[in-house]
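Please look at the sequence and the structure below. The briefing that follows takes the contact between the chains as its starting topic, then moves on to other topics.

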Amino acid sequence: MSNSQTERNGDVQKERSMALQKELVGGHFDALGRAKEEGRKVVYTFVPGNLTELMRSFDLLPVLPEINALQSGMRKLSGGYISEAEKQGHSEDVCTYVKCDIGMLKKGNVGPTGKPIPEPDLLLLSYTGCCTFMKWFELLKQEYEGCPVAMLHVPYQADGQVHSHYRDYIVEQLRSEVIPKLEQVSGQAYDEDKLRSNLTLSAEAEDDLVWVLESAKNVPSPIDAYFGGVYYIGPIFGAFRGTPEGVDYYRTLRSEIEERLANKQGPITPDGELDEERYRLVIEGPPNWTSFREFWKMFYEEGAVVVASSYTKVGGLYDRGFRHDATRPLETLADYCLGCYTNLSLPARVDLLEDYVRDYSADGFMINSVKSCNSFSAGQLLMLRQLEERTGVPGGFIESDLVDPRYFSAANIKNRIESYLQMLEQKRGAAA
Amino acid sequence: MKVFIGIDLGSTTTKAVILDGKANVVGRGITNSRSNYDVASQIARQEAFVQARFKLTRDAISADSELSGVEELFLPLLDRKFRLNHHVEELDRLAIELHNAADGPRHAAYSGSLHELLDEIVGEMRQRAGKHFGALAMRKSEFFRDLAAADYMQLAEEQSDPKGITFETLTGLFDQAILPVENSTSAAALEQLIDEAMDAALEASQVSMAKRVDRLRGAVDAARAEVLDEVATVGTGYGRQRLPFPKEHIRSEILCHGLGAHTMFPETRTVLDIGGQDTKAIQVDDNGIVTSFQRNDRCAAGCGRYLGYIADEMNLGVHELGPLAEKSTCHVKINSTCTVFAGAELRERLSLGQKREDILAGLHRAIILRAMSLLARSGGIEDQFTFTGGVARNPAAVTALHDLVDENYGERTTNISADSIYTGALGAALFAQRGHQEAA
């Protein structure tokens with residue numbers, strides 16, 4: 001993989017931002033564990049279209065069920081939770097994030113770090129593109145009888161445009177539905193100054209995140225924008241957008257990557273620093289969490305680096321220019337919700353991926369298709385064909401699952417990835 | 001002579017192809033993969049080397065104008081003599097292993113009578129060996145395991161005694177004995193068998209060849225003396241990670257099938273390969289370079305193993321399924337390609353009075369329907385279209401494919417080589433040969 005010197009460097013680098021992130025996430029779960037005794041209120045909500053700055057302005061703590069599910073997947077707990085949900089009658093085809101969440105709840109709602117997750121004081125459903133979200137919260141509503149629900153309906157970007165009446169519609173819902181409920185639950189009045197100051201912090205962190213993600217345009221790339229990228233988006237897609245801790249994390253991360261870039265170092269992998277970047281890939285679709293490291297290894301072992309991915313945009317497409325804007329607080333939240341990847345139409349997704357292939361000088365692109373995730377998998381084969389036609393770059397297609405360990409067939413997936421990379425190599429040889 | 005080897009370690013069978021320096025095929029070998037890829041690749045290789053030796057012999061004979069046409073008589077004779085000798089040699093080893101197994105403590109009660117019975121059975125198997133390799137013999141399989149098992153089971157059934165040495169005892173012994181027999185062959189022993197077969201074939205040709213027998217001997221001796229210098233080997237297939245080669249000598253089966261199909265049929269643009277546990281749809285350019293591919297991922301329903309399972313359920317050999325299905329006169333629609341459900345569906349339909357051949361035709365169509373979906377995903381079917389893999393040998397699968405290609409894409413030239421099962425190994429051997437050329 002690499003010599004001992006760079007490995008040591010790798011560990012040191014990993015320690016700074018990774019340790020900080022671990023602290024943030026651990027701290028958040030601790031805070032959730034203490035919430036009831038400290039009298040703090042908790043809001044369950046989703047990553048795409050999350051209104052963290054607004055919730056935080058009411059001193060509310062967010063709980064993100066998808067994050068809990070993926071954390072459970074990485075900690076090898078999801079299989080048991082999914083079986084539990086299936087016992088409750090949920091079919092094999094249902095989104096495995098949902099089943100993992102329901103199973104976790106049925107088994108005592110102990111979070112991934114071993115601390116209990118408090119019951120919600122509000123279910124804030126930000127409906128952005130994924131129709132499963134609605135069904136998911138219907139289930140939670142049944143489980144938490146009497147818990148108020150606030151529904152924010154974000155219009156789908158069917159024509160790839162954000163129209164002003166979309167924005168107006170969302171702002172109106174924020175004013176008439178979401179904010180009153182947040183006030184009611186928190187017992188605090190809406191404080192726009194507080195929201196503005198949170199939004200200012202968001203934009204600051206977003207600048208640094210975008211810089212980090214775009215560092216992958218360099219050859220060789222100092223980061224892996226998918227397997228490493230999912231860690232980088234953790235704080236901002238989780239509970240830390242609009243917080244000083246979030247700003248601090250991204251500043252630290254950026255300085256680390258700046259250093260790697262200056263030293264012409266490749267991405268850090270669980271086995272140390274990648275010596276040689278042999279393939280640059282764009283990946284569409286979420287990763288598999290239950291065998292995350294094994295999955296990653298199949299790429300870095302072959303020298304494949306992911307330079308851009310759509311999954312790292314589910315919580316916001318900051319690299320397309322959007323920043324939270326404190327001068328128009330509610331409008332900017334509306335724009336944010338409208339612009340999440342899950343809310344984009346298929347043509348818009350293809351456009352985005354096409355740009356990524358070109359802008360990041362990718363040799364190929366791969367789709368990790370997750371059948372139980374309708375939001376991502378519908379239309380992926382069509383996207384594959386269109387992208388191949390438009391970019392002339394060959395696409396690869398693999399299938400796995402989010403957090404159901406039964407749907408990760410390591411031998412087969414490895415075989416596909418190897419075949420695909422050898423195909424790229426062969427094409428390169430033929431072109432030379 | 002410099003030779004280049006490709007080995008395809010499939011889930012069901014392992015194939016080897018040997019090429020000369022000009023990329024001509026000089027030998028092919030195939031064996032069942034068992035659970036041991038190392039042995040399987042060794043055996044397939046050895047068989048390919050035997051074939052290569054025969055090919056050299058054929059070429060040496062046909063190079064002599066005075067021996068014109070003799071190869072057409074001599075080679076089949078040589079082949080039969082070799083196969084018979086080889087079979088008998090394996091029977092000898094089987095006898096030893098059977099006796100070893102019979103010495104186990106579980107069988108102590110039978111004392112001498114079990115050994116006697118085994119001698120009797122193996123003796124009869126030796127008698128039957130000649131029939132398997134007669135000039136007009138039709139063999140159900142080319143594998144020793146299958147031929148020996150069929151004879152042994154029949155004899156065991158006849159000679160067992162429910163109150164004494166039971167059929168189960170005898171089959172247990174066979175299962176124990178066959179593995180070491182299959183898994184131990186030596187290249188030197190094979191060389192010796194080839195030598196003996198050549199002598200025996202020359203001997204048998206003495207009368208018919210009269211004066212020309214010396215010329216024939218000269219040609220045969222020249223072929224025997226030729227050294228086959230193994231320059232490079234490339235491995236592919238499911239077991240490729242097991243091969244003791246450096247990583248650059250291992251290629252994915254996608255690339256190998258693409259290149260192999262292109263070499264067999266240079267106008268190929270789309271390749272469908274249905275193997276034991278996977279189905280691949282591959283698009284290649286005019287140089288045989290893969291441009292896109294799709295393969296089954298989360299489930300292997302509808303692959304070659306499915307047919308194996310159905311054959312077991314119907315108590316038929318897998319090679320008998322296709323011809324039987326071809327006799328179908330009535331369309332039966334089968335929806336499930338789940339291997340496990342297929343058995344239930346089969347029994348259900350039989351109980352409804354549907355005919356075996358009609359159900360089988362429906363099953364074959366179901367497999368091909370699944371393959372059509374992969375082909376569509378990979379970019380459709382371009383002209384020309386080449387079908388490879390073990391299932392391409394099945395006439396009912398081919399019929400279903402022709403129908404469905406026609407229905408969905410219109411007329412396409414569909415190529416199927418008699419050697420389609422070797423496509424992956426051929427591609428691998430070509431990579432070995434090209435790699436060497438590039439390095440030189």
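The contact takes 18 residues from chain A and 15 residues from chain B, where two residues are in contact if their C-beta atoms, placed from the backbone, lie within 7 Å. This is a predicted model, in which local features need pLDDT of at least 70, side-chain atom pairs count only at pLDDT 80 or more, and totals for chains, interfaces and linings use all residues. Residues are numbered from 1 along each chain as its sequence is written, and chains are lettered from A and ligands numbered from 1 in the order in which they are written.

**The side of chain A that touches chain B**

- Helix 16 (380-391), strand 10 (395-400) and helix 17 (410-431) of chain A each supply at least two residues of this side; helices (H or I, at least four residues) and strands (E, at least two) are DSSP runs, numbered from the N terminus.
- Helix 17 of chain A gives the largest share, nine residues.
- By type, the residues of this side are seven nonpolar, six polar and five charged. Ala, Val, Leu, Ile, Met, Phe, Trp, Tyr, Cys and Pro count as nonpolar, Asp, Glu, Lys and Arg as charged, and the others, Gly among them, as polar.

**A sheet in chain A**

- Four strands of chain A form an open sheet with parallel pairing, in the order 2-1-3-4; two strands pair if DSSP finds at least two bridges between them.
- Strand 2 (61-63) and strand 4 (149-153) of chain A are the edge strands, each pairing on one side only.
- On average, neighbouring strands of this sheet are turned by 25° against each other, direction ignored.
- Three bridges join strand 1 (residues 42-44) of chain A to strand 2 of chain A in the parallel sense, and A:Tyr44 stands opposite A:Val63 in strand 2.
- Helix 7 (residues 164-186) of chain A lies across strand 3 (122-127) and strand 4 of chain A, at about 160° to strand 4. Axes are lines fitted to C-alpha atoms, for helices over the stretch in contact, and angles run from 0 to 180 degrees between N-to-C directions.

**Two helices of chain B**

- The axes of helix 1 (residues 37-63) and helix 2 (residues 70-102) of chain B come within 9 Å and cross at roughly 155°.
- Helix 1 of chain B is therefore roughly antiparallel to helix 2 of chain B; angles under 35 degrees count as roughly parallel, over 145 as roughly antiparallel, 65 to 115 as roughly perpendicular and the rest as oblique.
- Residues that meet here include B:Phe54 and B:Ile61 in helix 1 of chain B, and B:Phe74 and B:Leu78 in helix 2 of chain B.
- The residues of this helix contact divide into eight nonpolar, two polar and three charged.

**Backbone features**

- Most residues other than glycine have a negative phi, and most peptide bonds are trans.
- The peptide bond from A:Val219 to A:Pro220 is cis, with omega near -5°, and A:Pro220 sits in the loop between helix 8 (192-214) and helix 9 (229-232) of chain A.
- Phi of A:Asp59 is positive, near 60°. A:Asp59 counts as partly exposed because 13 C-beta neighbours lie inside 10 Å; a residue is buried if 20 or more other C-beta atoms lie within 10 Å of its own, exposed if 12 or fewer, and partly exposed in between, with C-beta atoms placed from the backbone.
- Phi of A:Lys264 is also positive, near 55°, and A:Lys264 is exposed, with 10 other C-beta atoms within 10 Å.
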